[in-house]
Amino acid sequence: MHLSSEQVLEWTLGERCAEVGRHLADCRECREELVGLQDGLRAFRQSAHDWADAPVRVAVPDRLVSPPVSWGWAGLTAMVIGLALFPLYLDIRETQREAESVRDSLLLDQVQTRLARTVPQSMEPLMELMAEEREGGQ
């Protein structure tokens, strides 16, 4: 009977058992499997160290992929947008002025109506009654 993969791995990781040690001393096939695993781990460790020790080379292009936007173009764009929207702004302001003028006219009409009354509105029915009596008495 041979060692299981778990037993070989435990031996490789340093968890040594006397029974596994005796088996490895007697069984050439399990010993070769253990050596193969250890060689593979050593090769991996060495390649990781070699990779970590290698200098990092980062290629930075001389010129960026897309040229930066110049402030001249940005200013020109803002001016064109402003000129395009200016008539719209003027139209909105004119509409607001017209609406204010209408509201002002309505308010003036209401004030004029109240000032033109000779008596308060609550007394108008009494004034009408008195006017009817005068007309009837003449």
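In which helix do Arg28 and Glu32 both lie, and how many residues apart are they? Both belong to helix α3, which covers residues 28-53, and they stand 4 residues apart, about one turn of the helix. The structure described here is a predicted model, and a search of the whole of it finds 2 salt bridges.

- The side chains of Arg28 and Glu32 come together in a salt bridge, with a distance of 2.7 Å from N to O.
- Arg28 has a relative accessible area of 57% and is therefore exposed, while Glu32, at 45% relative accessibility, counts as partly exposed.
- A salt bridge also joins the side chains of Arg42 and Asp39, where the distance from N to O is 2.7 Å.
- Arg42 and Asp39 are both found in helix α3, where they are 3 residues apart, about one turn of the helix.
- Arg42 is partly exposed, with a relative accessible area of 43%, and Asp39 likewise counts as partly exposed, with a relative accessibility of 40%.
- As a general point, side chains of opposite charge can pair when their charged atoms come close.

**Buried residues and their contacts**

- Leu34, which is placed in helix α3, has a relative accessibility of 7% and so counts as buried, the cut-off for that class being under 20%.
- When its neighbours within four places in sequence are left aside, Leu34 is in contact with Val8, Trp11, Thr12 and Leu24.
- Leu34 and Leu3 are 31 residues apart along the chain, and their C-alpha atoms are separated by 9.8 Å.
- Thr12, one of the residues in contact with Leu34, is found in helix α1, which covers residues 5-12.
- At 18% relative accessibility, Thr12 counts as buried because this value is under the 20% cut-off.
- Apart from its neighbours within four places in sequence, Thr12 is in contact with Leu34, Leu37, Gln38 and Leu41.
- His23 has its place in helix α2, which is made up of residues 18-26, and at 18% relative accessibility His23 counts as buried.
- If residues up to four places away in sequence are not counted, His23 touches Met1, His2, Leu3 and Cys30.

**Patches on the surface**

- A nonpolar surface patch of about 570 Å² is made by Trp73, Leu76, Met79, Val80 and Leu83.
- Trp73, one of the residues that make this nonpolar patch, is found in helix α4, which covers residues 71-116.
- With a relative accessible area of 60%, Trp73 is exposed, because the cut-off for that class is over 50%.
- A negative surface patch is formed by Glu128, Glu132, Glu133 and Glu135.
- Glu133, one of the residues that form the negative patch, has its place in helix α5, which is made up of residues 124-137.
- At 55% relative accessibility, Glu133 counts as exposed.

How values were computed: Residues are numbered from 1 along each chain as its sequence is written. This is a predicted model: local features need pLDDT of at least 70, side-chain atom pairs count only at pLDDT 80 or more; totals for chains, interfaces and linings use all residues. Side-chain values use heavy atoms; hydrogens and water are left out. A salt bridge is a side-chain nitrogen of Lys or Arg within 4 Å of a carboxyl oxygen of Asp or Glu. Helices (H or I, at least four residues) and strands (E, at least two) are DSSP runs, numbered from the N terminus. Buried means under 20% relative accessible area, exposed over 50%, partly exposed in between (1.4 Å probe, protein chains only). Patches are made of residues with over 30% relative accessible area and no salt bridge: like charges are joined within 9 Å, nonpolar side chains (Val, Leu, Ile, Met, Phe, Trp, Tyr) within 5 Å. Accessible areas come from the Shrake-Rupley method with a 1.4 Å probe; for residues, only the protein chains shown count as cover. Lys and Arg count as positive and Asp and Glu as negative; His and the chain ends are not counted. The place of a charge is taken as NZ of Lys, CZ of Arg, CG of Asp or CD of Glu. Contact means heavy atoms within 4.5 Å.
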